[in-house]
Amino acid sequence: MNLTLRIWRQTGPADKGRMVKYRVEDVSPDMSFLEMLDMLNERLTLDGDEPVAFDHDCREGICGMCSLMINGAAHGPERATTTCQLHMRHFADGDTIDIEPWRARAFPVVKDLVVDRTAFDKIIQAGGYISAATGTAPDAHAAPVPKADADAAFEAATCIGCGACVAACPNGSGMLFTAAKVTHLGLLPQGQPERRERVLNMVEAHDDAGFGGCTNTGECTAVCPKGIPLTAIGQLNRDFLKASTTSAR
Amino acid sequence: MDLATRRVTRSTVGKKAVMAVTGVAMVLFLLLHMLGNLKIFVGAEDFDHYAHWLRTIGMPVLPETWFLWIQRVGLLVAVIAHIWSATSLALRARAARPVKYAHRRPVKGSYAARTMRWGGVIIVLFVVYHILDLTTGHLNPVGDRAHPHANVVADFAPERWYVTLFYVLAVVALAFHLRHGVFSALRTLGQHTQSGERRARFFALAVAVVIAAGFLSVPIAVTTGVIQ
Amino acid sequence: MTLYVEGDPVADTKAPDGPIETRWDRHRFESKLVNPANRRKRTIIVVGTGLAGGAAAATLGEAGYHVKSYCYQDSPRRAHSIAAQGGINAAKNYRNDGDSIQRLFYDTVKGGDFRSRESNVYRLAQVSVEIIDQCVAQGVPFAREYGGLLDNRSFGGAQVSRTFYARGQTGQQLLLGAYQALERQVAAGTVEMHARHEMLDLIVVDGRARGIVVRDLVTGEIATDFADAVVLASGGYGNVFFLSTNAKGCNVTATWRAHRKGALFANPCFTQIHPTCIPQSGDHQSKLTLMSESLRNDGRVWVPKEKGDPRKPGDIPEGERDYYLERIYPSFGNLVPRDIASRAAKNVCDEGRGVGPGGLGVYLDFADAIERLGKDAVSAKYGNLFEMYERITGEDPNEVPMRIYPAVHYTMGGLWVDYDLQSTIPGLFVTGEANFSDHGANRLGASALMQGLADGYFVLPNTISGYLAENSKLEPVGADHPAAVEARFAVERRVARLLNIDGDRTVDSFHRELGRIMWDYCGMERTDEGLRKAIELIRGLRDEFWRRVKVPGSADDLNQALEKAGRVADFFELAELMCVDALHRTESCGGHFRGESQTPEGEALRDDENFSYVAAWEWSGSEAPPVLHKEELNFEYVHLSQRSYK
């Protein structure tokens, strides 16, 4: 099939950037979306143009590196699917497809469709861990965890840190990402000692990074490739209020 | 304010909590207000009597209208805190996305959520008008503070259809605001389970529908002549 | 044509002796320690943030060393360890089913087809127990039973249930545990994180590894960084085949550059090919996706009896289907080991009986299972895998048989290291898949995660302190040191050269062609004739690459084509060495199957008499043949025997 692409091109952080139109021909429906872009880049290279820069790595939906706003939807039209797992059979011959980078102050554009998501690492640095230095651990069976808690912690822990939640949120909020980690660690007995400080510090880091606040619109969970539920944010709110009304500080 | 409190009120989550708590207070007020309004169906005298009673709540412990003023001050504080938090979060949201998308496809089903800000502005404008109309009487064709029933009937007379229309629009905006707002407040105050989410959404819808129906019944009854 | 020359044997001088159970303890006791107060003055560079690198950087940071961590991705959380599905082995014996350190040790040596070191594997089995404790303490949400205790499963044909798992995302959960520990150290100031940086050379001063040359992938700046020791945890080189289950960015550059600076490269031809991957759908294919091996428990593998049968699978009657695994291996049937299943699939496709695009696929059919167990039962077991398959192929395995084909998955070879995980360059340590590892000629399922974390959390942090303690007075080295200047210039020249060729073929077109050569001649079955031909083809293609490649853009900003070009250039050199290694090893063992060395039944035939050694290769310049150093393997505890699937 033949498609028209309108792709955001931006040479660097200082450039203003613009949408540029490209034609791609003979796209196979079995191609993944990124393979379609590979094909475009091969042609641009041979034509002497600069290929489109986009982030990607594992191409099996788990590393969280790919990040495209496709026709205004984070990771494209399919639910619970990363861009690398989106296939061209979901588009029709003659379609025009708009491709943009994640847009958020906390995710500045590096080049074309590539953005800097270091802000997520900063949120984790603020408390998204359990302080258990190597070698200090008791036997793995020392603290049983109810299966329901372990399963719920796992669900929250499947977050791949891609940033689609931020990209889709009308407020540019990273609360679903933050909440997923707060929920994962807060549900486990090992995570209890640091639970109060964790939520306060992570929310502070989230705000300092320039993300917007959550207003419970639910757009984040609708585009999340791992289906992290909005209830995680309820858990974060609960922990936050509890921590701030009982905090020793 | 000590450091911990400031840290909380400055954070996005803390601001949401302020919105939730003040929102809940205002919803409680609205429910009582609506129940009072329905008194109009009992009769003109009863309605006027009820309106007069509002000024005497708390007597003789409190002097006349003191309770009313305490409650008004409380509401005003809630409104200001609610709007302050909302504005602050809205400005933050705007700053959080300096470059807009060229192509944006909003998620279906979040209409109420996406109209919170404009809905809120419409409601504020309406409240200002509403106070000048039916509290102080400045914009009311009768404006007799001793006879609120007459004010109401004059207000929603068929020839003043535009007032009724504005009222209806404002109440519809309020209903949308409550449908997302009540759910959001529950979520902000810690609702965190899947089944709880379903209940919270249903509860929010019920509150929105009940309040809207209650408030709309009065002007419609007047305009259609059920109440004269 | 001299393909290689043989040099002196190489010996693991750090290998402890005495009873195998006490070797690791004694070795730790005998090695020197660095005073805690002095640790922050000692700097260590760690390249790569997967299980081996992330765990090492975090642990060294916790110990108080000054750590500089590098990765090419935008965040350390994205390293490809994240994609591991199945699980992690540990000799916990929580199931009371007869497991023990001794048994895990035995299974791993045997599974590696007797081409690994007993001491290393025993240590791995010992440490495996501590890994699970560590990960649980970090909050890794392993699967649990209703009693709240950890669940285990049997994996990859093991007779005991020793595999710990987190649904199909064990690698992700373990990596995030290591990543969080790493970020905690970043916050604590012990680890400096450098994401989007790629190591392009090693700096060797007075025979010791003292630093690296890196390119900032965002600004294009080429810089040098220095330390008292360098750790490479940069993963495997499966992408030499272009199509593999590796991430697109996985590459050999860090280890290959170290190899060119003097580190021996061991057993490069030992690669693992996984039988159940989703086949290629066309020439546009950019990578292959693994489907869990568990599918073979209920799926039946078949191809049409007729060559090039054009009919749809449903239209081919039972009598015209060849359930070839069940036919050739009646006792094991569809559950034969990975290498057997892979090779059998290749054989039927080579006969022209393959299915799907290009005839590169075989059916994995669930029709019988659905009829026997019901659709719901099959869906409960494999629902998520079916969904994943449908997302990629657009076909529903409930309706039409799945198509599968083998794909390159893991590389057992890597830089040669001693018991301390130190390469032949003092001060250069190598961990995880990047070293030649403890897996011998074949890696068992759920062992890669175990080895990566064992190296990162427990082995390296103990052994590297011995090196640092013994070398407490290293001269400071700066960017103006002649060795650093020379290394940086060499990298700059190479980058400029790649950009200046301005030819007429893209990097990917070369990479695809190289991958095809490797797959055809150095893949599942290797022959003398094929390997010689491959070496010739690779050399020709490499020359063409340096004449005709077109790398667009500049060196001064984010340039993904330039990144790829550098990696592919190194793959060319590695590919040749892989073929030489495969050619010289005329036996079949583990993942290395030589057509000339098989039993009358067509099974792999090992030659312990002549090949019971590690082949450690020395670089001697691009014009001279590599030098082979043999490290003899001795088996005191596990008796050599032929693997049998009958």
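Residues are numbered from 1 along each chain as its sequence is written, while chains are lettered from A and ligands numbered from 1 in the order in which they are written. Because the model is predicted, local features need pLDDT of at least 70 and side-chain atom pairs count only at pLDDT 80 or more, whereas totals for chains, interfaces and linings use all residues.

**Chains**

Begin by colouring by chain. Two residues are in contact if their C-beta atoms, placed from the backbone, lie within 7 Å. Of the two pairs of chains in contact, A and C share the most contacts. Chains B and C have no contact, and their closest C-alpha atoms lie 19 Å apart.

Next, select the contact between chains B and A, which takes 40 residues from chain B and 40 residues from chain A. On the chain B side, helix α2 (12–38) gives the largest share, six residues; helices are DSSP runs (H or I, at least four residues), as strands are (E, at least two), numbered from the N terminus. By class, this side of chain B has 18 nonpolar, 12 polar and 10 charged residues. Here Ala, Val, Leu, Ile, Met, Phe, Trp, Tyr, Cys and Pro count as nonpolar, Asp, Glu, Lys and Arg as charged, and the others, Gly among them, as polar.

**Domains of chain C**

Select residues 274–408 and 482–612 of chain C, which are domain 1 and domain 2 in the domain assignment; such bounds come from an automatic or database assignment. Their centres, taken over C-alpha atoms, are separated by 30 Å. Five residues of domain 1 and four residues of domain 2 form the contact. Helix α9 (residues 338–350) of chain C gives the most to the domain 1 side, with four residues.

**The nonpolar core**

Now display the largest nonpolar core, with 329 residues. A nonpolar core is a set of buried Ala, Val, Leu, Ile, Met, Phe, Trp, Tyr and Cys residues joined through C-beta atoms within 7 Å. A residue is buried if 20 or more other C-beta atoms lie within 10 Å of its own, exposed if 12 or fewer, and partly exposed in between. Helix α16 (residues 560–584) of chain C contributes the largest share, 14 residues. Centre on Val231(C), among the residues with the most contacts inside the core; Val231(C) touches residues including Ile44(C), Phe429(C) and Leu460(C).

**Helix α4 of chain C**

Finally, select residues 101–111 of chain C, where the buried residues include Leu104(C), Phe105(C) and Val109(C). Their cover includes β4 (88–89) and α5 (118–138) of chain C. After this helix comes Asp113(C), with a positive phi near 55 degrees.

Terms used:
Lists of a residue's contacts leave out its neighbours within four places in sequence.
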